[in-house]
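Here is a short report on one protein model.

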Amino acid sequence: MQSCDVFLRPCEPTDLEALEAWAPTGNSRTHSVRFARQEAGTSTYYLASCLQSPEAFVGSCEIRWNGCVDPTVPRCPEVNGLQVWPEHLRSHGIGTQMLGLLEHEVTGRGHRVLGLGVDDPRAKALYLRLGYEDTRQDYIDRYTWIDDQHTEHHAAEPCRWMRKDLTGSGSQVDSDLRQVGP
Ligand SMILES: CC(C)(COP(=O)(O)OP(=O)(O)OC[C@H]1O[C@@H](n2cnc3c(N)ncnc32)[C@H](O)[C@@H]1OP(=O)(O)O)[C@@H](O)C(=O)NCCC(=O)NCCS
């Protein structure tokens, strides 16, 4: 793979058709749903590209500013739906670059903690390497998807909550206690 210097930008309405062609989500219309949350002000849907070919997407991720939907999880912005796509682009450092840039966005808005839920051992190993700590808190990640026959499915997957102190102070605060807006 040729080198890729990743940059992020928020999704725009004109991206939605290209996003669906890049990473199809069928009747779930996931890109549109994420963009709608951005329009509502509760999240930012970040799209990743390489400076070397800025017209192509290589990844996407939503930051949910109000935190995880599960109320048992401590309040702080959440990394949601981080993905590098297509698959052959994985394991070349793009996900690592994306997380670094996302952390920069989050601290830029005055937050001190970033969290994420994980159910995949390889992704968890990556997050641990990047300074996320395993809080040992498990919760159920619930989401809805719609199949080709337009039937709605409700999924519930066990997840482990991880968090990173972005101040670098190693403080053990449980959550991003300050009330900082999106
Ligand atoms: C998880 C995910 C976002 C990570 O992105 P990525 O681009 O593959 O991550 P990175 O390349 O930065 O790091 C992952 C691996 O690449 C290796 N790596 C890092 N930089 C590298 C580089 N410059 N060259 C080659 N390998 C590199 C890392 O050591 C790591 O090794 P591993 O395969 O043993 O885990 C991606 O794999 C993905 O989209 N997975 C499917 C969706 C998913 O599981 N999302 C997470 C939800 S919690």
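## Around Asp-70

Leaving aside residues up to four places away in sequence, Asp-70 touches Tyr-139 and Ile-140. Contact means that C-beta atoms, placed from the backbone, lie within 7 Å. Asp-70 sits in the loop between β3 (53-64) and β4 (78-84). Arg-142 is 72 residues away from Asp-70 in sequence, yet their C-alpha atoms are 8.5 Å apart in space. Asp-70 is partly exposed, because 15 other C-beta atoms lie within 10 Å. The scale counts other C-beta atoms within 10 Å, again placed from the backbone: 20 or more is buried, 12 or fewer is exposed, and partly exposed lies in between.

This is a predicted model; local features need pLDDT of at least 70, side-chain atom pairs count only at pLDDT 80 or more, and totals for chains, interfaces and linings use all residues. Numbering starts from 1 along each chain as its sequence is written. Helices (H or I, at least four residues) and strands (E, at least two) are DSSP runs, numbered from the N terminus.

## The sheet

Seven strands make an open sheet with mixed pairing, in the order β1-β2-β3-β4-β5-β7-β6. Strands count as paired if DSSP finds at least two bridges between them. From one strand to the next, the twist averages 35 degrees.

β6 runs antiparallel to β7 (residues 152-165), with 12 bridges between them. Gln-137 stands opposite Trp-161 in β7. Helix α3 (94-108) packs on the sheet and touches β1, β2, β3, β4 and β5 (113-118); its direction makes about 55 degrees with that of β3. Such angles run from 0 to 180 degrees between N-to-C directions, with axes fitted to C-alpha atoms, for helices over the stretch in contact.

## Helix α2

In α2, Thr-30, His-31, Arg-34 and Phe-35 are buried. They cover an arc of only 135 degrees around the axis, so they lie on the same side of α2. The arc is taken from the directions from helix axis to C-beta atoms. The buried residues pack against α1 (16-22), β2 and β3. Exposed Glu-39 and Ala-40 are on the face turned away from the buried side. Just after α2, Gly-41 has a positive phi of about 90 degrees.

## The ligand shell

Of the 16 residues around the ligand, Arg-90, Ser-91, Gly-93, Gly-95 and Thr-96 come nearest. A residue is near if its C-beta atom, placed from the backbone, lies within 6 Å. β4, α3 and α4 (121-129) each give two or more residues to the shell. The largest share, four residues, comes from α4.

Methods
Two residues are in contact if their C-beta atoms, placed from the backbone, lie within 7 Å.
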